[in-house]
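Thanks for coming. I will go through one structure today, starting with how its strands pair. Please have the sequence and the model up as I talk.

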Amino acid sequence: MTSTLLVTNSNTGSHHIFNLKGAIEKTGGRLSEDDKAIDDKSHQNNKSKVSFLGVFSKYFQSEWSFARYKTTDLDTKVAFSQDKYFYILGSKGTFYIVNYQEVKENRCHLEFEAKV
């Protein structure tokens with residue numbers, strides 16, 4: 001299965017999830033049946049409110065993540081599971097399980113947090 005989701009982390013502890021499904025389809029890439037089943041409405045990347053100005057600059061056409069989660073750890077490693085979670089392991093020994101299917105106000109739901 002090819003994933004259509006990408007998670008990035010920043011040096012501020014923010015983790016952003018992007019849906020790449022549209023980009024894969026536009027470039028002629030093939031999607032698995034699982035990837036085709038992803039709900040586009042709940043996993044739709046946010047766009048700038050001034051995207052109509054895109055005729056002037058590509059910046060205004062940019063897309064932002066559909067969900068995010070912030071940790072207190074600034075140095076982290078992230079991995080997706082095959083279900084609705086991604087896992088974060090912080091350099092300070094904190095382990096997080098985050099549900100990216102339950103998104104409210106662009107924020108993911110924390111399922112579990114523990115110090116290891």
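Two strands count as paired if DSSP finds at least two bridges between them. Keep in mind throughout that this is a predicted model.

With that in hand, take strand E1, residues 5-9, and strand E2. They run antiparallel, and 5 bridges join them. One of the pairings to look for is Thr 8, whose bridge partner in E2 is His 16. E1 and E2 form a hairpin with 4 residues between the strands, and in that hairpin Gly 13 takes a positive phi near 90°.

Now the next pairing. E2, residues 14-19, is joined to E5 by 4 bridges, and these two run antiparallel. Here His 15 has Tyr 69 in E5 as its bridge partner.

Stay on E5, which covers residues 67-70. In a regular strand, side chains alternate between the two faces of the sheet. In E5, Ala 67 and Tyr 69 make up the covered face, while Arg 68 and Lys 70 make up the uncovered one.

Where do Ala 67 and Tyr 69 turn up again? Both belong to the largest nonpolar core, which has 12 residues. Also among them are Leu 5, Val 7, Ile 17, Phe 66 and Cys 108. Two or more residues come from each of E1, E5, strand E7 (85-90) and strand E8 (94-104). Of these elements E8 gives the most, with 3 residues.

Ile 88 is another member of that core. Setting aside neighbours within four places in sequence, Ile 88 is in contact with residues including His 15, Tyr 69, Val 78, Tyr 96 and Val 98.

Last topic, the aromatic rings. How many aromatic pairs does the structure hold? There are 5. Take Phe 95 and Phe 112: their ring centres are 6.4 Å apart and their planes are at 65°, so this pair is edge-to-face. Phe 95 sits in strand E8 and Phe 112 in strand E9, residues 107-115, so the pair ties together parts that are 17 residues apart in sequence.

Elsewhere, ring pairs link Phe 80, Phe 86 and Tyr 100 into a cluster. Phe 86 and Tyr 100 are also in the largest nonpolar core.

Terms used: Residues are numbered from 1 along each chain as its sequence is written. This is a predicted model: local features need pLDDT of at least 70, side-chain atom pairs count only at pLDDT 80 or more; totals for chains, interfaces and linings use all residues. Side-chain values use heavy atoms; hydrogens and water are left out. Buried means under 20% relative accessible area, exposed over 50%, partly exposed in between (1.4 Å probe, protein chains only). A nonpolar core is a set of buried Ala, Val, Leu, Ile, Met, Phe, Trp, Tyr and Cys residues joined through side-chain atoms within 4.5 Å. Contact means heavy atoms within 4.5 Å. Rings of Phe, Tyr and Trp (its six-membered ring) pair if their centres lie within 6.5 Å; planes under 30 degrees apart count as stacked, over 60 as edge-to-face and the rest as tilted.
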